[in-house]
Amino acid sequence: MDGHGTDPTMDDMEVLRVKLEVLKCEHRDLDDAVAALQASGRADMLTLQRLKRRKLRLKDSIADIEDRLLPDIIA
């Protein structure tokens, strides 16, 4: 493949893979932060809601990138 077609180049795919790993790591970190706040018993509900919303946005971004990386098997 010469990179001039409509398919993403290998470089584009590698960038997406790296971004995917960064987003997954951030999602895990937020998950840990939410769990720690809840376990402490001093959790601010507004902060928890914001962290959980951020986690959902990350999850959507992760799903979007995974969809772009994985070919659609059922056409």
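Reply: Start with Lys55, which is found in helix α2. This is a predicted model, and every value here is computed from it. Lys55 has a relative accessible area of 16%. The cut-off for buried is under 20%, so Lys55 counts as buried. What does Lys55 touch, not counting residues up to four places away in sequence? The list is His27, Leu30, Asp31 and Val34.

Now look across to Arg28, which lies in helix α1. The C-alpha atoms of Arg28 and Lys55 are 8.7 Å apart. Along the chain, 27 residues separate the pair. Is Arg28 buried or partly exposed? Its relative accessible area is 46%, so Arg28 is partly exposed. Lys55, by contrast, is buried.

Step back to the two helices themselves. Helix α1 covers residues 10-40, and helix α2 covers residues 45-69. Two numbers describe a packed pair of helices: the angle between the axes and the distance between them. For α1 and α2, the axes come within 9 Å. They cross at roughly 155 degrees. Angles over 145 degrees count as roughly antiparallel, so α1 is roughly antiparallel to α2. The crossing of α1 and α2 is left-handed. Sorted by class, the contact of α1 with α2 has 13 nonpolar residues, 11 charged and four polar.

Next, move along to Leu20, which is also in helix α1. Leu20 is buried, because its relative accessible area is 8% and the cut-off is under 20%. Which residues does Leu20 contact, once neighbours within four places in sequence are left aside? They are Ile62, Ile65, Glu66 and Leu69. Asp64 gives a C-alpha distance to go with this: Leu20 and Asp64 are separated by 9.5 Å. In sequence, Leu20 and Asp64 are 44 residues apart.

Leu20, in turn, is buried. The C-alpha atoms of Glu21 and Ile62 are separated by 8.8 Å. Those two residues are 41 apart along the chain. Ile62 is also among the contacts of Leu20.

The protein chain has two helices and zero strands. Of its 75 residues, 17% count as buried. Leu20 is one of the buried residues, and Lys55 is another. The chain exposes about 6100 Å². Carbon and sulfur atoms supply 55% of that area. How much of the contact between residues at least 6 apart in sequence joins residues at least 24 apart? The share is 66%.

Conventions. Residues are numbered from 1 along each chain as its sequence is written. This is a predicted model: local features need pLDDT of at least 70, side-chain atom pairs count only at pLDDT 80 or more; totals for chains, interfaces and linings use all residues. Side-chain values use heavy atoms; hydrogens and water are left out. Helices (H or I, at least four residues) and strands (E, at least two) are DSSP runs, numbered from the N terminus. Buried means under 20% relative accessible area, exposed over 50%, partly exposed in between (1.4 Å probe, protein chains only). Contact means heavy atoms within 4.5 Å. Accessible areas come from the Shrake-Rupley method with a 1.4 Å probe; for residues, only the protein chains shown count as cover. Axes are lines fitted to C-alpha atoms, for helices over the stretch in contact, and angles run from 0 to 180 degrees between N-to-C directions. Angles under 35 degrees count as roughly parallel, over 145 as roughly antiparallel, 65 to 115 as roughly perpendicular and the rest as oblique. A crossing is left-handed if the near helix is turned anticlockwise from the far one by less than a right angle, and right-handed if clockwise. Ala, Val, Leu, Ile, Met, Phe, Trp, Tyr, Cys and Pro count as nonpolar, Asp, Glu, Lys and Arg as charged, and the others, Gly among them, as polar.
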